[in-house]
Each structure stands twice: as C-alpha cells, then as structure tokens.
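Open the model in your viewer and keep the selection panel at hand. This tour goes stop by stop: what to select, then what is there.

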2 protein chains.
Amino acid sequence: MEILFATSNKHKVAEASEVGKRYGIAFNQIHVSYPEIRSDNVAEVAKAGAEHVYSQIKKPMIVEDSGILINSLNDFPGTYSRFAFERIGNKGILKLMNGIEDRQARFVSAVAYISEVNARSGGIIYPGTNTETKIFEGVVDGRITLEERGAKGFGFDPIFLPKGYAKTFAEDPKTKNAISHRKIAFEKLCQHLKPKPV
Amino acid sequence: MEILFATSNKHKVAEASEVGKRYGIAFNQIHVSYPEIRSDNVAEVAKAGAEHVYSQIKKPMIVEDSGILINSLNDFPGTYSRFAFERIGNKGILKLMNGIEDRQARFVSAVAYISEVNARSGGIIYPGTNTETKIFEGVVDGRITLEERGAKGFGFDPIFLPKGYAKTFAEDPKTKNAISHRKIAFEKLCQHLKPKPV
C-alpha cells in the first residue's frame, strides 16, 4: 500500500517509512507546498495543509506538522518550530534556557490524512467522491539538555532528552524511532489503514 | 474621512490616528479576525489579511502587519514578532542577544488598503464594483539595547533604539510617532488618500 506524503523534509519520510514497513505501507514523498496557518495547534496546521494539498492534487495523501513546546518558554516555539530552528537554531534555544531550572518540554506531531470515501444519494453509491479527514497525534515528554548532544536526526533532536532515557534523539535514533511523537502518530495512522502488522 | 482599521491592537490605531489627524483622516478600529499567513514578508501578511477581512465585510479597510528583524538573529522574529513577544518577550530577545556585538535591527510595517473602484464594461461604469489593493511600507533602522528602557509604546519598543537617537521608542513616544516604521507607512497611505495636509 502506498500513501503520498506532502513534505519538503526527507527525514520525516524516513521516520514514517520506518513505521510503515511493519505494516507493508510505503510513504512516498511529494513536493506540493501549502500555506502553514498560524495556530498553536499542530493538528490544525496539518489539517489545513492537507486540505490545501488535496485541493491541488485531488488524491488521498497526508501532511504532518510537528513542534517542540518548552514549558518555561510558554510553549515556545511550538508550531513555529521550523521557523525558530532556521533562525535561532539549537544554540538560540539553549541560550533562552540559560539559567532556567524547569527544562520540561514535549514534542508533538499530528498527521492529517485525507481519503476519498463513497458518497450515497438516492440509493446510489458514487465511489470515492467524498473526502474524509482524519487526524492522528503523538506526544513525547522530555527535557531540554544543557548542551547539544548527537548529530543524527534533525531539528531540535540534539537538545531533546526523552523522559526515562539517557540519550538525546540525535544521539539515539533507534530510540527516537521507537518512542517519538512522530512514531506514535504514524503508528496510529498505520493501525487505521491496516490494523494488523504484516 | 474615515478609514476602517481591522486590528486587535489599539496602540496601532492610536499611532495611525496621530498621522491621520494631520490629513483629516480618522482610523476606526474594527474587530474582524483574519488568518495570518506564514511569510517572511509583512506586505504579504497584510495583503492576505486585508483580502480576508474584505471578503467578510465587503467594505474598504486596512490591515497592517509589522515586525522587528534582528540582523544577527537572521531576521528573527520578523513577521512572527507578535508570537515571539507573547512567548519570550523582550527578556527573551535580550537573552538571545547576550554577548552579541552586532545589534543592528529594523522595524518594518506594511499597510494593505483595499478600496472599491469603478468597473467598466461595454462603455458602462459600474461604481465601486471592483476592488484595488495598495500596499504602503515603512522601515526604521536601529539597534537592540542592552536592557529594557522605557514603559511607553508596546511590544519590542523598550529594546529598540532608532538610529541617530539616544532614547528607545518606549522612552520617547514623540520620536516614535515622528519616525517609526508605522508612521512612515501611514504617512504614505494618507498621502495617497489625501495628498495635501489640511
């Protein structure tokens, strides 16, 4: 089974594929840009993005949005994580966190999946003429480290230490692939598409 | 002359009115929310916002977007200034700027004005049936201070020292009203609406 994944980030596709392969689901990257709405909620951002992409390509597909929410920074950078990463990076976040004791943070991910479903009217079934949007979310709790650690993964992975683990996501991609926000969201999507692992 | 100004920020209305009064133009605040698109460009954000508000109220009006672009932070926070202000505030920016020598920054503002213009078809004039969008922009150069100074104004005013002046926008609102990015943009709008001061 193939699912189109509209994203410019190949790392996300790799992480999704890692989950999908246990279900016989391949995620194929497509490059269709979409406006990212301003919302505090990754699910809303993903949903609006998916609706836009669907309006362009008229095929079932997914869009994922994610972010890191830092407790002591009032959930900054949240849905603006990519922007913050591009501008101030991990070093900027560490600088903002300098001297702050409460280092709690969480990574969140939402996958919006738009599929085509049958429409019924006057007893007649019109195959695939309606669309349905489903949202699958994942969260992982952790802490912001005191310095960057590790070079794998992407984005804020080098400064995120998942709860109960001693290595950052960038030091230990195996753990990331097993417990991350994105893994959880994609696991839910795959369960929905194909309830039993092959 | 009255112009509707869609914004939730009364400070912006006050600053616009300060300019408008010299032209006999009153800016009347209306509360119509609009999605802020993600763009590096305040003009694009203002334009998209104005188009949305016009689609809701079908009356001529303006939307203004502004931001502060900090050179050494790769123009962070830019069009995300309100979000960054709400989450990390002036203290967060000062923390990010800690130890950085290059403190150059600029405030930018763009006013999008949608007006109704006559349409012509087959020699007949249909009054006010088309719309026209004009953008008026202002920029002011300056520096980020080493600490917050002053309590007037709003947003990042306490940490912005305009080039050639010794006081921040929050210490000296009179100077702000005379030289700010917003003043320049609104001056251009007023010139457009009414070329001669009353």
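## Stop 1: a helix pair in chain A

Select helix α1 (residues 10–20) of chain A together with helix α6 (residues 181–193) of chain A: their axes come within 9 Å and cross at roughly 50°. Keep in mind that this is a predicted model. Angles under 35 degrees would count as roughly parallel, and 65 to 115 as roughly perpendicular. α1(A) and α6(A) are therefore oblique to each other. The crossing of α1(A) past α6(A) is right-handed.

Now show side chains. On α1(A), pick K12(A), E15(A), A16(A), V19(A) and G20(A). On α6(A), pick R182(A), K183(A), F186(A), E187(A) and C190(A). These residues make the contact between the two helices. Colour them by class: the contact of α1(A) with α6(A) has four nonpolar, one polar and five charged residues.

## Stop 2: all of chain A

Zoom out to chain A and switch to cartoon. How many helices and strands does the secondary structure of chain A come to? The count is six helices and seven strands. Trace them from the N terminus on: the order in chain A is β-α-β-α-β-β-α-α-β-β-β-α-α.

The radius of gyration of chain A is 18 Å. The globule rule gives 16 Å for 198 residues, and the two values are close, so chain A is as compact as a globular protein of that length. Along its principal axes, the C-alpha trace of chain A spans about 65 × 35 × 25 Å.

## Stop 3: cis peptide bonds

Select F76(A) and P77(A). The peptide bond from F76(A) to P77(A) is cis, with omega near -5°. P77(A) sits in strand β4 (residues 77–78) of chain A.

Jump to chain B. There the bond from F76(B) to P77(B) is cis, with omega near -10°. P77(B) belongs to strand β4 (residues 76–78) of chain B.

Stay in chain B and select N74(B). Its phi is positive, about 55°, although N74(B) is not a glycine. Where is N74(B)? It lies in the loop between β3 (61–70) and β4 of chain B.

## Stop 4: the helix pair in chain B

Select helix α1 (residues 10–20) of chain B and helix α6 (residues 181–193) of chain B. They pack at an angle of about 50°, and their axes are 9 Å apart. α1(B) and α6(B) are therefore oblique to each other. α1(B) makes a right-handed crossing with α6(B).

Show the side chains again. From α1(B) come K12(B), E15(B), A16(B), V19(B) and G20(B). They meet R182(B), K183(B), F186(B), E187(B) and C190(B) in α6(B). By class, the contact of α1(B) with α6(B) holds four nonpolar, one polar and five charged residues.

## Stop 5: one chain on the other

Chain B can be laid on chain A with an RMSD of 0.0 Å. The same surface serves both copies, and 100% of the contact residues of chain B recur in chain A.

## Stop 6: the interface

Select the contact between the chains. It takes 16 residues from chain B and 16 residues from chain A. On the side of chain B that touches chain A, α3 (81–87) and α4 (89–96) of chain B each supply at least two residues. Which element gives the most to that side? α4(B) does, with three residues. By class, the side of chain B that touches chain A has eight nonpolar, three polar and five charged residues.

## Stop 7: helix against helix across the chains

Finish with helix α4 (residues 89–96) of chain A and α4(B). Their axes come within 8 Å and cross at roughly 120°. Angles of 65 to 115 degrees would count as roughly perpendicular, and over 145 as roughly antiparallel. α4(A) and α4(B) are therefore oblique to each other. α4(A) passes α4(B) in a crossing that is right-handed.

Key: Residues are numbered from 1 along each chain as its sequence is written. Chains are lettered from A and ligands numbered from 1 in the order in which they are written. This is a predicted model: local features need pLDDT of at least 70, side-chain atom pairs count only at pLDDT 80 or more; totals for chains, interfaces and linings use all residues. Two residues are in contact if their C-beta atoms, placed from the backbone, lie within 7 Å. Helices (H or I, at least four residues) and strands (E, at least two) are DSSP runs, numbered from the N terminus. Ala, Val, Leu, Ile, Met, Phe, Trp, Tyr, Cys and Pro count as nonpolar, Asp, Glu, Lys and Arg as charged, and the others, Gly among them, as polar. Copies are superposed by least squares on the C-alpha atoms of residues with pLDDT of at least 70 in both. Axes are lines fitted to C-alpha atoms, for helices over the stretch in contact, and angles run from 0 to 180 degrees between N-to-C directions. A crossing is left-handed if the near helix is turned anticlockwise from the far one by less than a right angle, and right-handed if clockwise. The radius of gyration is taken over C-alpha atoms; the globule rule is 2.2 Å times the number of residues to the power 0.38.
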